[in-house]
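Biologist: I'd like to learn how to read a structure like this one. Could you take me through it, feature by feature?

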Amino acid sequence: MPLDRDTLWYKDAVIYQVHVRTFHDSNGDGIGDFRGLQSKLDYLQQLGITAIWLMPFFPSPLRDDGYDIADYHSVHSSYGSLEDFENFLGAAHDRGIRVIIELVANHTSDQHPWFQESRSSTDNPRRDWYVWSDTDTLYKETRIIFLDTEKSNWAWDPVSKAFYWHRFFSHQPDLNYDNPAVREQMWQVMNFWLQMGVDGFRLDAVPYLVEREGTNCENLPETHQVLKDLRRRLDENFPGRMLLAEANQWPADLRPYFGNEDEFHMAFHFPLMPRMFMGLKLEDRKPITEILQQTPEIPPSCQWSLFLRNHDELTLEMVTDMERDYMYDSYAASKTMRLNLGIRRRLAPLLSNDRRRIELMNGMLMSLPGTPIIYYGDEIGMGDNINLGDRNGVRTPMQWNGETNAGFSTAPSERLYAPLIQDPVYGFPAVNVLRQKTAEHSLFNWMQRIIAVRKSSAIFGRGSIEFLYPANHRILAYVRKLGNDAILIVNNLSSTAQAVELDLKRYKGNILIEMFGKNMFPRVGDLPYLLTMGPYQFFWFRLRRV
């Protein structure tokens with residue numbers, strides 16, 4: 001299946017996020033690799049996804065799961081070789097699946113040769129590739145991101161006898177983007193992977209590229225200048241490739257990252273995700289409608305990317321203190337479930353493994369404006385292990401079957417990079433791909449169907465949204481429109497049955513065709529349209545003049 005030539009392919013995409021080491025181990029060393037991932041592409045094609053986003057797979061000391069890069073031009077030996085990556089990329093493209101890779105542009109590992117040179121002496125040519133200072137008092141207005149582990153954004157280097165700047169862990173020194181050589185080098189890194197054929201980059205931590213005294217060192221004009229330059233070179237040399245921004249910011253601060261269609265093609269909508277969980281727990285649409293009302297219009301070629309969970313903690317940075325306390329009380333009663341300003345749980349445990357709530361949240365993910373991202377394993381309802389440190393509890397091996405090591409690896413279980421989940425509810429004997437493929441009403445088969453229905457209409461990826469505000473606040477209803485086509489979405493956020501009257505008079509004469517069963521509902525007339533809905537039920541209706 002050749003790749004779609006549409007340069008706006010990312011608008012219609014369904015993206016699957018996976019870490020190479022978590023998916024399948026082909027050589028029995030206990031660590032997933034590119035050959036293993038390639039062997040599971042048919043599974044991903046069957047699920048219906050159209051793009052894979054890979055977490056970092058570069059050579060690294062792995063002190064931050066690969067986000068501490070020591071070489072941008074190769075593959076970590078645990079995951080295979082550069083040739084293995086190229087074979088995987090070709091096999092994905094043969095199935096019509098695009099590949100988005102991680103570009104950690106803000107910082108490197110302190111083991112990167114660039115930093116080793118930079119710290120070696122003050123007159124080394126790479127000295128100003130990083131941000132050095134004789135004092136740790138500069139940029140005092142900058143927040144610390146990893147509150148649980150870092151006390152300062154400056155770290156003392158005993159070799160160099162100076163302080164270096166880092167926004168994340170102290171073993172991840174920030175690159176100095178005021179240096180033209182750094183900017184050129186980062187383009188060369190992109191060029192290397194683009195020549196190989198990758199379809200896009202997720203740029204990690206983009207708000208923090210540049211520092212200026214007297215600011216909070218986020219979202220600075222100079223940062224946007226760096227990004228515009230990278231986008232210009234991308235468009236000139238590789239049209240049809242895509243940049244996705246990881247910028248954990250409020251919607252108004254995110255808007256500039258799209259620029260004038262000259263920065264990012266896509267950006268994560270971080271503030272929406274916690275409010276979807278909040279709306280569900282409160283049984284009230286207000287948190288969701290409110291944040292989407294605050295979301296600015298973006299240029300026509302740009303797109304939000306939406307997610308329920310990912311490899312990080314469920315971040316609560318972009319909520320109020322009161323909202324954060326509510327989320328902690330509701331979803332992370334135990335302090336071991338919390339990390340930094342967030343909750344380190346997977347989707348199914350967050351929702352108490354309630355199938356109806358899991359379906360409703362995925363229904364919203366697939367129908368709100370943007371491109372959905374599914375975190376590996378969430379399509380089968382995998383659990384987490386909160387006894388593992390940092391964010392590793394949501395990064396356990398994929399559960400393929402109920403046999404030894406869940407079919408992930410032939411290695412002795414003690415050699416696996418992380419222990420498999422063993423508990424009776426989420427353990428691999430109960431939750432695995434093989435079992436769900438053969439069960440007609442499994443979550444996997446349900447996810448397969450909803451992805452297929454989403455892909456049946458361009459409205460979901462490209463259409464506008466208009467909220468309806470029925471008197472019943474437990475109902476979240478909206479119309480997605482594209483050209484002359486319209487789809488009505490109605491979600492019951494409540495744990496009890498609800499009735500709702502919808503004002504659909506502008507669609508008078510239309511019949512409603514439910515998109516999953518193709519069943520016709522009554523024609524819209526003069527009166528408010530009455531629907532009764534079961535707990536956590538949702539409907540997708542095509543509005544059709546017949």
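Predicted model: local features only at pLDDT ≥ 70, side-chain atom pairs only at ≥ 80, totals over all residues.

Biologist: How is the protein chain divided into domains?

Modeller: There are three pieces: domain 1 (9-105 + 179-455), domain 2 (113-165) and domain 3 (464-545). For domain 1 and domain 3, the C-alpha centres lie 31 Å apart. The contact draws 24 residues from domain 1 and 24 residues from domain 3.

Biologist: And how much area do domain 1 and domain 3 bury between them?

Modeller: The general idea is that an interface's size is often quoted as the accessible area lost when the parts come together. Here domain 1 and domain 3 bury about 2100 Å², with 66% of it on carbon and sulfur atoms. On the domain 1 side, E283, R285 and L360 lose the most area to domain 3, together 34% of what that side buries.

Biologist: How many salt bridges and polar contacts are counted between domain 1 and domain 3?

Modeller: The count is 1 salt bridge, plus 9 residue pairs in polar contact. As for the helices, α9 (272-282), α10 (286-293), α13 (355-367) and α15 (443-455) each supply at least two residues of the domain 1 side that touches domain 3. The most comes from α13, with 8 residues.

Biologist: Now a strand. Is β10 largely enclosed or open?

Modeller: Look at how many of its residues are buried, meaning under 20% relative accessible area. For strand β10 (residues 303-307) it's 5 of the 5, so the rest of the structure largely encloses it. Both faces are covered: Q303, S305 and F307 are buried on one side, W304 and L306 on the other.

Biologist: Which strands pair with β10?

Modeller: Strand β9 (residues 266-268) pairs with β10 in the parallel sense over 3 bridges, and A267 stands opposite W304. Strand β14 (residues 371-375) also pairs with β10 in the parallel sense, over 3 bridges; there, L306 stands opposite P372.

Biologist: What about loops? Are D64 and N405 buried or exposed?

Modeller: D64 is in the loop between β2 (51-54) and α4 (82-94), and it is buried, at 7% relative accessible area. Leaving out residues up to four places away in sequence, D64 touches F169, H171, Q172 and R391. N405 sits in the loop between β14 and α14 (433-438) and is buried too, with 5% relative accessibility. Beyond its neighbours within four places, N405 has contacts including T410, P412 and F428.

Biologist: Back to salt bridges: how many does the structure hold?

Modeller: It holds 35. Check where each partner sits. R202 and D204 meet at 3.2 Å, N to O; R202 is buried at 1% relative accessibility, and D204 is buried at 7%. D354 and R357 form another, with the closest N and O atoms 3.3 Å apart, and both residues are buried. Shared partners also link E102, R202, D204 and E246 into one salt-bridge network.

Biologist: And where do E236 and R232 lie?

Modeller: Both are in helix α7 (residues 221-237), 4 residues apart, about one turn of the helix. E236 is exposed, at 54% relative accessible area, while R232 counts as partly exposed at 41%.

Notes:
Residues numbered from 1 in each chain as written. Heavy atoms only, no water. Buried < 20%, exposed > 50% of the residue type's maximum accessible area, 1.4 Å probe, protein only. Pairing = 2+ DSSP bridges. Domains from an automatic or database assignment. Contact = heavy atoms within 4.5 Å. Buried area = accessible area lost by both parts, 1.4 Å probe. Salt bridge = Lys/Arg side-chain N within 4 Å of Asp/Glu carboxyl O. Polar contact = N/O pair within 3.5 Å; in protein donor to acceptor, adjacent residues only side chain to side chain.
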